[in-house]
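Trainee: I would like to go through this model and ask what each term rests on.
Mentor: Go ahead; here it is.

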Amino acid sequence: MRELASEAITQAVARMCVQANTRLPEDVKSCIRQARRAEDGAVAQEILDRIIENFSIGGDTPICQDTGMACVFLEIGQEVHISGDLAQAVNEGVRLGYTEGYLRKSVVRDPLDRVNTGDNTPAMLYIDLVPGDQVKITVAPKGFGSENMSRIAMLKPSDGLAGVKRFILETVELAGPNPCPPIVVGVGVGGTFDKCALLAKRALLRDMGVPSDNPFYADLERELLEQINASGIGPQGFGGRTTALAVHIETLPTHIAGLPCAVNINCHVARHVTEVL
Amino acid sequence: MAKHITAPLTKEAAAQLRAGESVLLSGTVYTARDAAHKRFCELVAAGKPLPFPIEGSVIYYVGPSPARPGQPIGSAGPTTSYRMDAYAPTLLDLGELGMIGKGKRGPAVIEAMKRNGAVYFGAIGGAGALLSRCVKSAELVCYEDLGAEAVRRLVVQDLPLTVVIDSQGGNLYETGRAAYLAQRDCV
């Protein structure tokens with residue numbers, strides 16, 4: 001069994017928090033540039049130019065001031081033994097990254113008493129056990145302007161494909177200018193209430209614009225993206241073609257009585273960074 | 001060509017702005033988000049003075065990331081405005097003339113804007129690094145315990161904004177989308 005010190009996880013999480021918030025991944029940049037080329041609205045072109053200018057600055061100022069809740073996804077190989085307290089190691093990484101990286105502390109200790117924890121902890125931690133002897137860490141800081149526009153519905157089986165499409169399009173329409181369009185639309189279909197929401201969040205981790213490997217859902221992603229971009233909402237909601245950069249759909253088997261559907265919206269500052277230890 | 005405007009605003013200057021116009025704002029603005037707005041309204045309800053001059057003021061809905069040594073501020077883009085809708089009419093009725101944020105406003109806010117001749121500006125959401133360059137200085141006014149949500153006095157220069165809702169209720173979220181669709185469909 002491979003031994004891994006939890007300190008290595010702390011260091012990785014700390015540097016990934018800073019990197020994610022100051023450097024936009026290439027897949028996202030290229031998607032935005034492609035959208036700019038396809039944009040036919042004059043106001044929209046100008047907004048997209050400013051967005052490109054913003055992520056091209058490349059200094060140590062965060063791309064967006066909402067440096068998010070630190071969503072940390074761990075895929076832990078079954079052949080690895082991690083010494084020390086894992087959750088504590090991740091939280092220490094978040095604390096270090098957000099403090100030393102001058103990132104915003106956006107977490108309150110209780111949803112109702114709303115006292116800031118002062119170091120952006122705790123992380124939202126998602127752990128999967130997988131075969132192998134490696135640890136794959138993905139840090140995806142999530143801003144709440146877009147998180148707040150996300151929705152879940154327990155649809156009926158009779159609602160079918162049409163009901164799923166309607167719910168996704170309605171969610172984008174209700175969000176309008178609020179989540180900083182152009183947006184990324186993460187969709188979960190199936191599973192249980194909780195797993196469905198998680199699917200939608202995981203859909204946001206996929207490299208932007210990479211279609212589902214299921215041809216049916218790849219077609220559906222393309223169709224929905226076209227419909228969303230025909231809505232006219234546009235960058236920042238000022239009108240234009242580029243309302244969304246991508247639609248990503250993930251699915252799970254579900255119960256005979258249910259058709260859960262979740263939509264997790266992300267903004268154009270779609271941050272995600274992965275390292276393997 | 002963007003119009004140059006100055007904060008604090010005057011009723012006359014605000015009245016001339018129209019939804020869809022690009023402006024470059026220079027002068028003094030105050031930062032406040034959810035938690036600070038709640039405290040402002042508690043002060044007003046208790047008959048106490050606000051911690052900054054409200055007459056003609058422009059409030060920027062922003063919670064900046066921390067400033068690095070030698071810099072006035074960190075990343076400083078707008079937060080979503082509807083969360084301040086519960087508080088905005090109270091401040092507008094006291095003389096606030098400008099709000100900077102992003103996203104939709106409710107009918108009560110728009111009514112209060114029309115009643116008082118105020119303007120709602122949009123800054124580009126997610127462009128906090130770029131916008132931070134327009135901030136020349138930042139000074140803590142109050143509520144340090146709120147961290148990023150504390151009230152700060154910012155001196156800004158040529159902050160690029162778009163008039164989203166004007167003092168007559170003109171709304172770019174409605175007209176901009178309609179104009180784009182009309183342009184697209186007539187090609």
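Predicted model: local features only at pLDDT ≥ 70, side-chain atom pairs only at ≥ 80, totals over all residues.

Trainee: What makes β2(A) and β4(A) a pair?
Mentor: Two strands pair if DSSP finds at least two bridges between them. Strand β2 (residues 69-77) of chain A and β4(A) have seven bridges, in the parallel sense, so they pair by that rule. One of the bridge partners is Tyr126(A) in β4(A), which goes with Phe73(A). In general, strands of a sheet pair through backbone hydrogen bonds, parallel or antiparallel.

Trainee: Why are β4 and β10 of chain A called edge strands?
Mentor: The open sheet has the order β4-β2-β5-β10 in chain A, with mixed pairing. β4 (124-130) and β10 (273-276) each pair on one side only. Strands here are DSSP runs of E with at least two residues, helices are runs of H or I with at least four, and both are numbered from the N terminus.

Trainee: What lies across this sheet?
Mentor: Helix α1 (residues 6-22) of chain A lies across β2, β5 (135-142) and β10, at about 40° to β5(A). Axes are lines fitted to C-alpha atoms, for helices over the stretch in contact, and angles run from 0 to 180 degrees between N-to-C directions.

Trainee: Which strands form the other open sheet?
Mentor: The order is β6-β9-β7-β8 in chain A, again with mixed pairing. β6(A) and strand β9 (residues 259-266) run antiparallel and are joined by five bridges. Helix α8 (residues 215-229) of chain A lies across β7 (183-191) and β8, at about 140° to β8(A).

Trainee: How do you know whether chain A agrees with a compact globule?
Mentor: The rule is 2.2 Å times the number of residues to the power 0.38, and the radius of gyration is taken over C-alpha atoms. For 277 residues a compact globule would be near 19 Å; chain A has 19 Å, so it agrees.

Trainee: What counts as contact between chains A and B?
Mentor: Two residues are in contact if their C-beta atoms, placed from the backbone, lie within 7 Å. By that rule 41 residues of chain A are in contact with 37 residues of chain B. Helix α3 (residues 42-56) gives the most to chain A's side, with six residues.

Notes: Residues numbered from 1 in each chain as written. Chains lettered and ligands numbered in written order.
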